[in-house]
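Hi everyone, thanks for coming.

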Amino acid sequence: MQTMWLSGAEWFAVLRIGLGLWWLESWRHKDKTTWFGGGGIAWAAGIADKHRWSFVRSGFDVVVKPRPRTMAYVVAYAELALGLGLVVGLLTPVALVCGLALVLIYLVLMIHDVAEQGQNLMMALISVTGLLGVCWQAWSLDAALGWFL
């Protein structure tokens, strides 16, 4: 007999969907004109330039700085894809791992800054919990298609 109104798998699905909505909000709240015009990458470059860890500065200089427009699109559309994938539960383990990687990049970049660290830590925690809890077992396209079971 079930003692709660949702099963454990359904509670993990709630976490997955909530995380997906969080990624969609990251996409939605961006001023796309400013972001795609390089404003977001310029902000991150300012943080990377004064970062105390040299690998962050050099990594940003090699990967992001030479291609600010491309990286702006990569970041924004990665957030959109993660959000959509997690909300509908499509390729959920892939979305969780990629989202965890992206949020860890955000954490490392801003480790000495106060910007959104609580949000990043919670998103990382939910990603790990979702992976370990196999959060695609309920209310997901993955489950409906029989993937990753």
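Let me begin with a term: a crossing is left-handed if the near helix is turned anticlockwise from the far one by less than a right angle, and right-handed if clockwise. Helices here are DSSP runs of H or I with at least four residues, strands are runs of E with at least two, and both are numbered from the N terminus. With that in hand, α1 passes α7 in a left-handed crossing.

Before going on, a word on where this comes from. This is a predicted model, where local features need pLDDT of at least 70 and side-chain atom pairs count only at pLDDT 80 or more, while totals for chains, interfaces and linings use all residues. Residues are numbered from 1 along each chain as its sequence is written, and side-chain values use heavy atoms, with hydrogens and water left out.

Now the overall picture. The protein chain has 8 helices and 0 strands, and its C-alpha trace spans about 60 × 30 × 25 Å along the principal axes. Of its 149 residues, 39% count as buried; buried means under 20% relative accessible area, exposed means over 50%, and partly exposed is in between, using a 1.4 Å probe and protein chains only. Contact, for us, means heavy atoms within 4.5 Å. Among contacts between residues at least 6 apart in sequence, 72% join residues at least 24 apart.

Back to our pair of helices. α1 and α7 pack at an angle of about 140°, with their axes 10 Å apart. Axes are lines fitted to C-alpha atoms, for helices over the stretch in contact, and angles run from 0 to 180 degrees between N-to-C directions. Under 35 degrees counts as roughly parallel, over 145 as roughly antiparallel, 65 to 115 as roughly perpendicular and the rest as oblique, so α1 is oblique to α7. On the α1 side, the residues that meet α7 include Leu19, Trp22 and Trp23; their partners in α7 include Met122, Met123 and Ile126.

Which residues touch the most other members of the largest nonpolar core? They are Leu19, Trp23, Phe60 and Leu109, in a core of 33 residues. A nonpolar core is a set of buried Ala, Val, Leu, Ile, Met, Phe, Trp, Tyr and Cys residues joined through side-chain atoms within 4.5 Å. In soluble globular proteins, nonpolar side chains tend to be buried together.

Let's follow Phe60. Beyond residues up to four places away in sequence, Phe60 touches Ile41, Ala44, Ala45, Ala48, Lys65 and Pro66. Ala48 lies in helix α3 and is buried, because its relative accessible area is 1%. Apart from neighbours within four places, Ala48 is in contact with Arg57, Phe60 and Leu109.

Next, Gln117, in helix α7, which covers residues 117-132. Is Gln117 buried or exposed? At 16% relative accessibility, Gln117 counts as buried. A polar atom of the Gln117 side chain lies 2.3 Å from the backbone oxygen of Met110.

Finally, two loop residues. Leu91, in the loop between α5 and α6, has a positive phi of about 55° although it is not a glycine. Trp139, in the loop between α7 and α8, has a positive phi near 55°. Leu91 is partly exposed at 39% relative accessibility, and Trp139 is partly exposed at 44%.

Methods:
A polar contact is a pair of N or O atoms within 3.5 Å; within protein, one must be able to donate a hydrogen and the other to accept it, and residues adjacent in sequence count only if both atoms are side-chain atoms.
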